[in-house]
Amino acid sequence: MYGVAGRLKAYFYRTDDAFVAVSAASEGGRLEKYVCREGSWQLEEKIVLSTAGALYEQAANAAGLREIAEQAAIEINRKGWQNIPLLYIVPETEQVRYALNLPPGLNAVQQQEAAYWELDDKLLAQGLSAENFACVCHASDESGNSCTITGVSKGYLQEAEETFAQAELTLADIVPSGGIMDYLRSQQREIEGFKKRQGAGLAVKRILAVWFAVWLTVGLLLLSADFLHYRQAYALAEQQEHELSLLTAEVQEMHALTAQTGRIADREKKIQAFSSQGMPWYSLLVHLGTNTTQGVLLTGINVSADGHKLYLEGQAVSYDCLAEFVGKFEADKLFFAQGVTLENSEVLKGRGNEPDKVQFSLSIDWEPNHEGKHVDEVQDSQSK
């Protein structure tokens, strides 16, 4: 578990494992690369700058700083060290350093504050103000009661940053001369360098990348679940459609039977209507069939609500055939004693090669109760 936690911390917590330091010393300018291996800082590579001759003397002025920055930029680009944090080591000529004894039991912040006020007294004695200086404090022994305080002019620090920026270099921190290893090994680099750079911090880019990956994974899972539900619904719809297609023939047959049943029921209703009115419908239908004239076709038979009027509808090939048909009804005094009335007639034009037809409707006044004399006479005449 410790190993996993350690790896997670190393991944999400940024720690520097390499630095490039540029300095100007009495023996010449240097560019040094330091690497941390297994918790130990080591000097991996050292480059002597080509303009080392007067760098030490010139480091205190703008020309010297510019020469150092330009030469460092050339070497860093040539080595491909652009992404490694860059440190600038202040020359000894730009530093004010004092050894101090501090009260026991102070923490790092309290030591820094006490050292600042001690430096203020030292500088005041020289006619200088501590407000114009930045300082760092290094413990001289393990007890922390003895320390060395180093001060550098804030104007020089600002000039150094601007000069390296003109050479397209960004200083990660500025370290006092002789304190490079103390800076690298310190767990609190913010009290070892003049720029107060944190020794470690959260790896924001990695955290954002992991956060984006987590949300992307969640989104893909939700999308996969929705797609799975869609596929299941689509498969179910296809199955139901297939089952419906198998039932098409049965559905069509059912519709045909339903229509036929409706027609039969309609006929039964008409028969019941005739029967409920006391009409001898069987005799009427037989009589109408007997008296049918050639060229005449009956298409409808109906009776009024009171049963005293009979309505006939049909078609005739000509008015002569219609007149013959009406004449037979008028001559049939036994069954239709009340006479026949032609309600309507009109000629229907035939379509294509079909002949014209006469559509007509007749009404007959009669007594519906023929169960007595008239019916018997009709039946006798039919039997003869």
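Predicted model: local features only at pLDDT ≥ 70, side-chain atom pairs only at ≥ 80, totals over all residues.
User: What makes up the protein in terms of helices and strands, and how much of it is buried?

Analyst: The protein has 11 helices and 14 strands. Of its 384 residues, 35% are buried.

User: Why are Tyr 88 and Phe 164 called an aromatic pair, and why is the pair described as tilted?

Analyst: Rings pair if their centres lie within 6.5 Å, and those of Tyr 88 and Phe 164 are 5.3 Å apart, centre to centre. Planes under 30 degrees apart count as stacked and those over 60 as edge-to-face. The angle here is 55°, so the pair falls in the remaining class, tilted. Both residues are buried.

User: What makes this pair a tie between separate parts of the chain?

Analyst: Tyr 88 belongs to strand β5 and Phe 164 to helix α5; the pair therefore ties together parts that are 76 residues apart in sequence.

User: How do you know that Phe 325 and Phe 360 are also a tilted pair?

Analyst: The distance is 6.1 Å centre to centre, and the limit for pairing is 6.5 Å. Phe 325 lies in helix α10 and Phe 360 in strand β14 (residues 357–365), 35 residues apart. Both are buried. A search of the whole structure finds seven aromatic pairs, and ring pairs also link Phe 19, Trp 41 and Tyr 183 into a cluster.

User: What makes a group of residues a nonpolar core, and which residues touch the most other members of the largest one?

Analyst: The members must be buried residues of nonpolar kinds, such as Val, Leu, Phe and Tyr, joined through side-chain atoms within 4.5 Å. The largest core has 30 residues, and Val 22, Leu 31, Leu 86, Tyr 88, Phe 164 and Phe 194 touch the most other members. Elements giving two or more residues include β2 (18–25), β5 (86–89) and α5 (154–166). Helix α3 gives the most, with six residues. A second, separate core of 20 residues includes Leu 312, Phe 335, Phe 336 and Ile 364. In soluble globular proteins, nonpolar side chains tend to be buried together.

User: Which residues does Phe 194 contact beyond its neighbours within four places in sequence?

Analyst: Among them are Val 90, Ala 134, Cys 135, Val 136, Leu 157, Ile 174 and Val 175.

User: How do you know that the length of α10 is close to the expected value?

Analyst: Helix α10 (residues 319–331) has 13 residues and spans 18 Å from its first C-alpha to its last, close to the 18 Å expected at 1.5 Å a residue.

User: Why are the buried residues of α10 said to lie on the same side?

Analyst: The buried residues are Cys 321, Leu 322, Phe 325, Val 326 and Phe 329. They cover an arc of only 135° around the axis, which places them on the same side of α10. The face turned away from that buried side carries the exposed residues Asp 320 and Ala 331.

Technical notes:
Residues numbered from 1 in each chain as written. Heavy atoms only, no water. Buried < 20%, exposed > 50% of the residue type's maximum accessible area, 1.4 Å probe, protein only. Helix = DSSP H or I, 4+ residues; strand = E, 2+ residues; numbered from the N terminus. Contact = heavy atoms within 4.5 Å. Expected span 1.5 Å × (residues − 1). Arc of directions from axis to C-beta. Phe/Tyr/Trp six-rings, centres within 6.5 Å; stacked < 30°, edge-to-face > 60°.
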